[in-house]
Amino acid sequence: MSTSNLITMKKVVQQLRFEASINRVKVSQAAADLQQFCVQNALHDPLLTGVSSSTNPFRPQKVCSFL
Amino acid sequence: MAAEKAEIEKLKKECDGLRKQIETARKAVNDGDMKGASSGVESVGRVQLKKRKDLKGHLAKIYAMHWAADSRQMVSASQDGKLLIWDTHTGNKLVAVPLKSAWVMSVAFAPSGNLVASGGLDNMCTVYNVKAASPKTLRELDAHTGYLSCSRFLSDSEILTASGDTTCCLWDLETGKQKVIFTNHIGDCMSLALSPDQNCFISGACDSLAKLWDVREGACKQTFSGHTSDINAIAFFPSSNAIITGSDDTCCKMYDLRADQEVLHYQDSGLNAGVTSLALSSSGRLIFAGYDDFNCHIWDTLKGERVGVLSGHDNRVSCTGVPEDGLGVCTGSWDSFLKLWN
């Protein structure tokens with residue numbers, strides 16, 4: 001019983017050591033990169049630019065008739 | 001016994017020390033406020049999407065949905081014991097897959113479109129070939145000791161699952177066996193999302209933590225805390241450098257992977273319902289989050305402001321999805337309907 005607690009604790013320590021060792025980027029840099037991505041892709045985001053009725057695949061289809 | 005007790009105490013102290021070390025390291029790079037940094041970005045204004053289609057066919061609560069890679073087909077799962085594959089352009093049902101167990105909680109479409117997977121309280125992930133003349137069970141992945149909350153295909157030969165048994169698992173579909181087991185959560189895993197390059201995935205669990213994993217090595221690379229209740233929904237920001245989570249604590253949060261910390265939270269004093277599901281628009285600028293209050297609220301990812309709402313369901317919104325081409329949003333609800341918006 002207590003041996004498994006020891007094993008568990010060793011695993012927790014090992015995991016924390018690993019997580020503590022990573023390199024971290026400044027939040028200001030991370031934020032700038034996220035913003036840049038959004039801005040660069042905004043024109044290609046249909047939910048931002050809107051979808052025109054003629055190209056909207058979900059819009060109920062009008063029935064074509066022969067004149 | 002006493003020696004072991006002493007060693008455990010020593011390890012506990014080391015844990016506390018390491019946790020402090022991580023917090024200090026995170027504070028050291030916390031040189032800016034995401035909201036403040038975004039003050040220069042143009043506002044998206046009010047986002048008003050229209051409901052374009054109601055998809056009627058299920059006879060009970062819908063628990064999950066997933067878009068096919070073609071951005072046209074979509075699969076939904078309901079506790080009426082069926083999976084339905086829809087042609088979202090026409091609104092027609094293409095395939096109905098009867099389930100052995102009606103208690104379904106998750107559904108996924110393989111990128112090829114050939115396979116779908118589902119599972120729930122049966123603790124299994126069942127994979128079906130939906131291109132056959134009638135849907136055929138290909139594999140029953142049976143090893144989890146808790147419910148199946150989420151699954152995502154990497155390809156026709158590999159699938160990731162998340163379970164109430166607190167583990168996630170990578171399976172080989174050719175053999176039906178587990179390849180890698182991901183253990184580290186101490187609460188039920190509720191949701192997972194695969195990174196665009198398929199090298200990593202993220203999981204959200206009832207221990208209120210989100211974790212980043214290496215798919216091949218099985219290692220947990222990073223852990224994100226901050227939520228105060230179950231994380232029900234999780235997604236990658238499209239650049240792969242950040243993740244968004246949604247929780248029963250009524251908040252959504254964005255964590256940046258490179259800064260290793262929360263950079264923004266999405267919360268409104270008027271919103272007191274838990275978040276059930278979420279999806280991002282193709283540029284990542286909008287978050288569509290489904291809530292227990294019957295609505296899907298729209299958030300500006302960068303500014304943290306609520307910018308719109310998709311209203312119309314008569315019960316909890318249980319699932320939300322944006323297709324790869326970004327042309328719309330699908331919401332699924334306990335009211336048994338799916339709605340398409342853009």
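Predicted model: local features only at pLDDT ≥ 70, side-chain atom pairs only at ≥ 80, totals over all residues.
Residues are numbered from 1 along each chain as its sequence is written, chains are lettered from A in the order in which they are written, and side-chain values use heavy atoms, with hydrogens and water left out.

**Chain A**

- Chain A has 3 helices and 0 strands, helices being DSSP runs of H or I with at least four residues and strands runs of E with at least two, numbered from the N terminus.
- Along the sequence, chain A follows the pattern α-α-α.
- Of the 67 residues in chain A, 31% are buried, that is, under 20% relative accessible area with a 1.4 Å probe, protein chains only.

**Interface of chain A and chain B**

- In chain A, 43 residues are in contact with 64 residues of chain B, contact meaning heavy atoms within 4.5 Å.
- About 4500 Å² is buried between chain A and chain B, with carbon and sulfur atoms giving 68% of that area; buried area is the accessible area (1.4 Å probe) that two parts lose on being put together, summed over both.
- A:R24, A:L47 and A:F58 supply 19% of the area that chain A buries against chain B, more than any other three residues.
- The rule finds 4 salt bridges across this interface, a salt bridge being a side-chain nitrogen of Lys or Arg within 4 Å of a carboxyl oxygen of Asp or Glu.
- A:R24 forms a salt bridge with B:D260, in which the closest N and O atoms are 2.9 Å apart.
- On the side of chain A that touches chain B, α1 (2-20), α2 (27-41) and α3 (46-49) are the elements that give two or more residues, and α1(A) gives the most, with 14 residues.

**Nonpolar cores**

- The largest nonpolar core has 28 residues, of which B:M34, B:M254, B:Y266, B:L278, B:I287, B:A289 and B:Y291 touch the most other members; such a core is a set of buried Ala, Val, Leu, Ile, Met, Phe, Trp, Tyr and Cys residues joined through side-chain atoms within 4.5 Å.
- A second, separate core of 16 residues includes B:L154, B:A162, B:L192 and B:V215.

Key:
Buried < 20%, exposed > 50% of the residue type's maximum accessible area, 1.4 Å probe, protein only.
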